[in-house]
Amino acid sequence: MSVKHALLALLEHQPMYGYQLRAEFEQRTGTTWPLNVGQVYTTLTRLERDGLAAAEGEDAEGHQVYRITEAGRDEVAAWFTTPVARTQPPRDELAIKLALAVTVPGVDVGTVIQQQRSATMAALQDYTRLKRRAGAPTTAEPADLAWSLVLDSLVFGAEAELRWLDHCEARLRRAATTRPASSTTASAPTTERSVR
């Protein structure tokens with residue numbers, strides 16, 4: 001996630017100070033990715049240094065207010081129109097954990113998968129409850145639509161993770177049946193779960 005670009009996009013709407021930016025970001029994303037206010041102010045300092053934002057003075061309560069510059073507007077426009085690169089995928093702790101679990105002797109990979117499946121299923125149920133509670137977003141409230149889109153992303157991500165876990169389990173079963181018993185370094189899943 002680019003905090004820099006998110007803050008610039010918010011500043012494009014109106015000048016704000018750090019706490020306002022943090023609150024706006026968290027409201028629009030449903031506090032899914034909470035920001036540390038120190039990170040916000042550090043990013044604002046860098047934006048100012050790079051000529052993408054400028055301090056415009058203090059408000060009545062003494063908060064330093066920032067505004068976007070023309071270069072900042074160009075940066076936001078480029079960000080919105082440039083696809084998110086998939087050439088350097090983010091580190092996925094679960095994929096790393098399973099890759100290592102398969103190669104480290106004595107690790108019950110089936111248990112690792114089952115534990116993660118339970119946690120992911122619980123998260124999916126939580127997201128589904130949040131979606132029901134939020135109801136259908138109206139076009140009159142962009143913040144509601146924004147939160148709904150974030151929730152959709154979380155639901156789809158959890159569903160994809162569950163499918164991937166099923167796939168891993170099936171691959172481990174196949175590998176366990178074709179590998180000689182003496183070369184097994186990780187145990188195959190022990191549950192009798194059907195493979196999709």
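**Strand pairing and helix packing in a predicted model**

In the predicted model described here, Gly57 has Val65 of strand β2 as its bridge partner. This bridge belongs to the pairing of strand β1, residues 53-58, with strand β2, residues 64-68. The two strands run in the antiparallel sense and are joined over 5 bridges.

The protein chain as a whole contains 7 helices and 2 strands. Read from the N terminus, the order of the elements is α-α-α-β-β-α-α-α-α. The protein chain has 196 residues, of which 28% count as buried. When contacts between residues at least 6 apart in sequence are considered, 58% of them join residues at least 24 apart.

Helix α1 spans residues 3-13, and its buried residues are Val3, His5, Ala6, Leu7, Leu8, Leu10 and Leu11. The cover over the buried residues of α1 includes helix α2 (18-28), α3, both strands β1 and β2, and helix α4 (70-81).

On the side of α3, Thr43 provides an example. Thr43 is located in helix α3, which covers residues 37-49. Its relative accessibility is 9%, below the 20% limit, so Thr43 counts as buried. Apart from neighbours within four places in sequence, the contacts of Thr43 are Val3, Lys4 and Leu7. Val3 and Leu7 are themselves among the buried residues of α1.

On the side of α4, the axes of α1 and α4 come within 9 Å of each other and cross at roughly 115 degrees. The crossing is left-handed. From α1, the contact is made by Lys4, His5, Ala6, Leu8, Ala9 and Glu12. From α4, Gly72, Arg73, Glu75, Val76, Trp79 and Phe80 take part. By residue class, the contact of α1 with α4 consists of 6 nonpolar, 2 polar and 4 charged residues.

Helix α6 (residues 109-134) and helix α7 (residues 142-178) have axes 9 Å apart and pack at an angle of about 160 degrees. Because this angle is over 145 degrees, α6 is roughly antiparallel to α7. α6 crosses α7 in the left-handed sense. The residues of the contact between α6 and α7 comprise 15 nonpolar, 3 polar and 7 charged.

Lys131 gives a local view of α6, the helix in which this residue is placed. With a relative accessible area of 30%, Lys131 is partly exposed, because this value lies between the limits of 20% and 50%. Leaving out neighbours within four places in sequence, Lys131 contacts Leu151, Asp152 and Val155. Lys131 and Trp147 are 16 residues apart along the chain, and their C-alpha atoms are separated by 9.3 Å.

Helix α5, residues 93-103, also lies against α7, with the axes of α5 and α7 coming within 12 Å and crossing at roughly 10 degrees. The angle is under 35 degrees, and α5 and α7 are therefore roughly parallel to each other. On α5, the contact is made by Leu94, Ala95, Leu98 and Val102. On α7, the contributing residues are Glu161, Trp164, Leu165, Cys168 and Leu172. This contact of α5 with α7 divides into 8 nonpolar residues, no polar ones and 1 charged.

Helix α7 also holds Leu145. The relative accessibility of Leu145 is 37%, so Leu145 counts as partly exposed. Leu145 and Arg28 are 117 residues apart in sequence, and the distance between them in space, C-alpha to C-alpha, is 8.7 Å. Arg28 falls at the end of the range of α2 (18-28).

How values were computed: Residues numbered from 1 in each chain as written. Predicted model: local features only at pLDDT ≥ 70, side-chain atom pairs only at ≥ 80, totals over all residues. Heavy atoms only, no water. Axes fitted to C-alpha atoms, helices over the stretch in contact; angles between N-to-C directions. Helix = DSSP H or I, 4+ residues; strand = E, 2+ residues; numbered from the N terminus. Parallel < 35°, antiparallel > 145°, perpendicular 65-115°, else oblique. Left-handed = near helix turned anticlockwise from the far one by under 90°. Nonpolar A, V, L, I, M, F, W, Y, C, P; charged D, E, K, R; others polar. Buried < 20%, exposed > 50% of the residue type's maximum accessible area, 1.4 Å probe, protein only. Contact = heavy atoms within 4.5 Å. Pairing = 2+ DSSP bridges.
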